[in-house]
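Have the model open as you read.

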Amino acid sequence: MRGDTEGGLADCARLVEWKARNRLTRVPGGVHFAAQRNVLCAAKWRRVAVAERLWIPRAMRVAPRLDTTVRPGPPRPRHALLINPFYSKDPHASFGKHVLTPTLALTSVAGATPPGWEVRYWDENLLQGAPPWKPFPQVVGITVHLTFARRAYEIARWYRERGAIVVLGGLHVLSCPDEAAPHADALAVGEGVQLWGRILRDVEAGRLQRVYRGSYRSAFEDEPAPRRNLLPRGSFLTTTSLIATRGCHSRCEFCYLSTEGLRMPYRMRDPRQVAKEFLADGQPYAVFIDNNLGSRPEYLRSLCRTLAPLERIWSAAVSIDVTDDPSLVRDMALAGCTGVFVGFESLSEENIRDAGKKSPRPEDYARRIAILHENGIQVNGSFVLGFDQDGADVFDRTVAWIEENRLECATFHILTPYPGTPLFARMEAEGRILHRNWDLYDTAHVVFRPARMTPDELASGYAACYRRLFSHGSIWRRRPADRSAVLPYLAMSYLYKRSNALWYVLIRHRWTASVWRFLVEWTRRRHIAFRRSIAGRPARRASTVVSARV
């Protein structure tokens, strides 16, 4: 490994990963991270910022300090605190994506709190400091994901040392229960909503178990409504995060849904229940956090027809095969869909096939994007870099294709083998895993040895993709063909993609909702007018679309 930094970001990433490997040690019950990890994390982003002149404040890269001098009184009975731990932000991407909408997991768990219990919610990523301790909670529930597992364990230790009962849940607990167990009084493995009430009742009765297991096979529509009243509404662009379906018709090798032990059959809620929840939150804009809202086309059509009378707007993640039937895309537009997040993943058919993804052929993507654009739906394309068929030319080729097809936005991810997935098992068997420092398994760092390029090339290529995508030239080249849509597009592009300094201020002072409210309402009114303009048009016939082949 070279000791200098003249290689820019690639050398920064390599240096961090080498140090991370050498700081990581195995201990009984899981992984132990050196106490200097916070210092390493801060130094990492300083090196990145110097190498690429990226601006990222300390509060966005280093978790708030946990005060070791605090000595609270005894825990308050029947008082619970739910925590979403801090994770370091990628300086290449927009900070705005972290406050688009709150996690639905914890507010849904809060909805299952039994009568007689008081519950609070705290998200460290809203930059309001470390989790509160006045009053000191009897039970602390912490969601644990891969990239902030270390932080979750730090918080757990802080509260346990002072007398609180700590419950850990989340996907990382499911995939690595032996690692998480020493850091908690109880683990919630699987669906947390059905377990939370049972755990709190066992705490009251003095019979807390070490492990609780939940299934995703329960009736989806019977779950309680999320407790959105716990959220700081000013901190998010919208607090209306909705979920209508659970699961996905694909089981990609790299996706967390393929984690060993995770069984998530496809479930659908009554569209009327979803619409009622949308109305109840009083927001003009909602984000569906479903893995793939379009997995069942006829269900999506029914949902759209239920949402249409609300005259509100929404966005969702779908697979590109939603365009198999253009009339369905039209129904989405008439129901208020303004944007979709599409996991294209790769422009290589070999990569798509190797990953086990069910998708149309990449050469047909462009025509399908045009169907979405014809119906006024913006496209945020997701691309994974570093597949085994990817060479060093994948970066320029991908961004050029994005510009050619005028995608309004794109999100890049470095291929990351999450523990418990088939991808991790395969790469571990091939000796390609570089380290197990989960902090860096955030899809912004190279944690494996690529097949057709070096780790340095993958790291620098990833950064180059974002640098070009967020450039003035790329933003202009991707402007909509419809002249009337250019100004709103530019406003979105510059405020969302090129204003991280502004985003930091908005997040810090809880001004996100108030600043964006005007633009959201403007978008809603424009979209209502657009819906009326297309309502009288004949829908394109489904027979003009070639069905998925891969």
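Predicted model: local features only at pLDDT ≥ 70, side-chain atom pairs only at ≥ 80, totals over all residues.

A residue counts as buried here when its relative accessible area is under 20%.

As for the parts list, the protein has 20 helices and 16 strands.

Now for the helix pair. Two packed helices are described by the angle between their axes and the distance between the axes. Take helix H14, residues 394–404, and helix H16, residues 455–469: their axes come within 9 Å and cross at roughly 20°. Angles under 35 degrees count as roughly parallel, so H14 is roughly parallel to H16. The crossing of the two is right-handed.

Who does the touching? On the H14 side, it's Phe-395, Asp-396, Val-399, Ala-400, Ile-402 and Glu-403. H16 answers with Glu-457, Leu-458, Gly-461, Tyr-462, Cys-465, Arg-468 and Leu-469. Sorted by class, this contact between H14 and H16 has 8 nonpolar, 1 polar and 4 charged residues.

Last stop, the cysteines. The structure holds 0 disulfides. Cys-304, for one, is in no disulfide, and the nearest cysteine sulfur, that of Cys-337, is 7.3 Å away; a disulfide would need the sulfur atoms within 2.5 Å. Cys-304 is buried, because its relative accessible area is 1%. Cys-176, at 13% relative accessibility, counts as buried too.

Note on methods:
Residues numbered from 1 in each chain as written. Heavy atoms only, no water. Axes fitted to C-alpha atoms, helices over the stretch in contact; angles between N-to-C directions. Helix = DSSP H or I, 4+ residues; strand = E, 2+ residues; numbered from the N terminus. Parallel < 35°, antiparallel > 145°, perpendicular 65-115°, else oblique. Left-handed = near helix turned anticlockwise from the far one by under 90°. Contact = heavy atoms within 4.5 Å. Nonpolar A, V, L, I, M, F, W, Y, C, P; charged D, E, K, R; others polar. Buried < 20%, exposed > 50% of the residue type's maximum accessible area, 1.4 Å probe, protein only.
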